[in-house]
Amino acid sequence: MPRHSDQSTLRKRRFPRILRLLATLIVIFLLAVGGLLGYLYQKELPPASDDIRSKLLDSRGNILATFSPDDRSREPVELEDISPLVIKATLSVEDRKFYEHSGFDIKGMGRAVLVNLEKGSRTQGASTLTQQLARNLYLTHEKTWTRKAKEAVYTLQLEMKYSKDEILRMYLNEIYYGHGAYGIEAASQMYFGKSAADLDLAESAMLAGIPKGPTYYSPYTHMDNAKKRQEIILSVMAELGEISKSEAENAAQETLILKPRGVKDTLVTAPYFRDYVRNLATNLLHITSDELEQGGLNVYTTLDPDMQHAAENAVEKEMDAESELETALVSVDPRNGYLKVMVGGKNYRTNQFNHALTSTRQPGSSFKPIMYLTALASKTMTGLSVFNSQPTLFHYDNNRKTYQPRNFGDKYLGEINMRQAIAASDNIYAVNTIMKVGADKVVELAGKMGIISPLQSVPSLALGTSPVSPLEMASAFAVIGGGGVQIPTTVILKVTNANGDTLYEAPSHQGTTVVEPAAAYVLTRLMEGVFETGGTGNRVSSIIKRPVAGKTGTTDTDAWMVGFTPELSTAVWVGYDKGRNITTADGRRAAPIFAQFTEKALENVPPKIFPIPDGVVSVYINPESGKLATTECPEKELDTFIKGTEPTEYCDLHGNGSPNSPEEGTTPIHLPKEDGSLWKDIKRWWLN
């Protein structure tokens, strides 16, 4: 009996000890959990894949794209800019208890564990929306316990650091919807050509079903699968009371209008420009492409987003999406050399080759202004210099070689001057000019103007037979529009690292004067005639409501329109990639693209005349004689000359060829000399 009493007493003494031990263990566990949660709350999340990506920024500091190997298309939006139907459809199929749990669906996880144990493999999961976000942001998709543990940690951190709405917003901007589109806005634009805010119920349910299997449920590649999953989602939404049964049935029967694949279906904004900057940045910083992608750099560029949009729209409007005909558009600011726009082709997804940089296309007659500038700057010729436009056999290389050009359509104009030759794009006049000034002089000036492609010093150079790139042409014409000053083209303004430290900053360029400003201005005035009656650009003159100068160019395989305003120098090229000849209709696409882009890009910029430099003289000329006009001349034209090259003789067709006395009231007509720029501007507007 005493022995039994001792055992009972011992058990009574042990019980409190066990309780105390359990309580201690519970306290330790709670403290450990609390400490872990506190540690996780304080600990920074690892950088997301996009956080360490270097970013491309436009001239306003806005992010254009990230440098990544997968070229993902992403357009982040706020939650309020997403249709509520998308949110309901996504939560219905992906995570019904999203707003109730703390990151984990315990029942779902238990059910998945039992299934996996039964099958002996990890075949089923119950990932919440937060877990999916953690995996997409920080981890791979491999099915290992290590990855699962990390996923759990990151899920806890996301739930602690962000609100449910913030997590939902990040998820909808991160999830993959197939065909290179990441995020609901990019997917909405790609599949339906509309903003995520404007999606209806049928479209919302369709998109909500894609992330489960972006290829298997893509409406582009497997419409049957996509429709079945859409119907399942609509049914679930009806069961949950998110929509009515009739709404679900009507949405399931709705015929969805998908945006055709390949229609303005680019992966990122300005993709050709992005690739161009990638190459420039890696060479500039002496880093690899991987180092650029993972370096967390900010690359600030000169691209103007509104002008880029205007260029892309002009290309889309004029180019047939189904045709193999390609195009390029590049535009430079003559005032500072900044590259404002680059379109390297009509569809980056189908053709990544940047035609704006290719130096294998002949510029044709669009090269002629460079030659005429050589003639004017050397004062070898003036706008009144006359050649006979007729079939001509030219001898060169000490008479050992001959060259016989033809005019388009075998149309010859007889005695014409430079203004008429530029407007009509006369080939005979052009070759006469290069024979007079020397092809080597033209090559020399072209190099100073930014043409780095090799040019052949032969008579046919006058007709643009040496290939150059659209970027070179835009840069060279910027010299003309910039008053004879060559400024190196600038693309990257600066590069900073993740800490904001400047790694590179573009040097300021004052530019180099390659021809006197007066020569550039005289040529500009002559080139304005291209858009006037009789000029090759006249058919698009009604589109442009501002002073513009330019030159068309056409070969068997290429069509060009290169021109400038005081603010932009733009080159447009059209042609085929495989050496195929262009048709007449193909060749007429370049000028409308140029005109529409120029007008739209500058729609908020008041029209400006080209500034008149010192050393320019404007006098009235009798067009028939090419001499100074008098009051007796029935026709008079105002022509511009480099001072000292203007005519000094008076017209003798309608007088005696000498100045008339004031008493007779027939004094020759000269513009008054003025120094103020205001008077110059008024004079230009009044006389035109």
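N398 lies in the loop between strand 9 (394–396) and strand 10 (401–403); helices (H or I, at least four residues) and strands (E, at least two) are DSSP runs, numbered from the N terminus. The model is a predicted one, in which local features need pLDDT of at least 70 and side-chain atom pairs count only at pLDDT 80 or more, while totals for chains, interfaces and linings use all residues. Residues are numbered from 1 along each chain as its sequence is written, and side-chain values use heavy atoms, with hydrogens and water left out.

Although N398 is not a glycine, its phi is positive, at about 55 degrees. Most residues other than glycine have a negative phi. N398 is exposed, with a relative accessible area of 69%; here buried means under 20% relative accessible area, exposed over 50%, and partly exposed in between (1.4 Å probe, protein chains only). K379 also has a positive phi, near 60 degrees, and is a residue other than glycine. This lysine, K379, is placed in the loop between helix 14 (368–377) and strand 8 (386–389), and counts as partly exposed at 46% relative accessibility.

Turning to the strands, strand 5 (residues 298–301) has a covered face made of V299 and T301, and an uncovered one made of N298 and Y300. Strand 5 pairs with strand 1 (residues 55–57) in the parallel sense over three bridges, where two strands pair if DSSP finds at least two bridges between them. Within this pairing, V299 of strand 5 stands opposite L56. Strand 5 also pairs with strand 13 (residues 492–496), in the antiparallel sense and over four bridges; there, K494 of strand 13 is the bridge partner of Y300.

I18 is found in helix 1 (residues 2–42) and is partly exposed, at 46%.

Finally, the structure holds zero disulfides, a disulfide being a pair of cysteine sulfur atoms within 2.5 Å. The cysteine sulfur closest to that of C633 is in C651, 3.6 Å away and therefore too far for a bond. C633 counts as buried at 2% relative accessibility, and C651 counts as buried at 1%.
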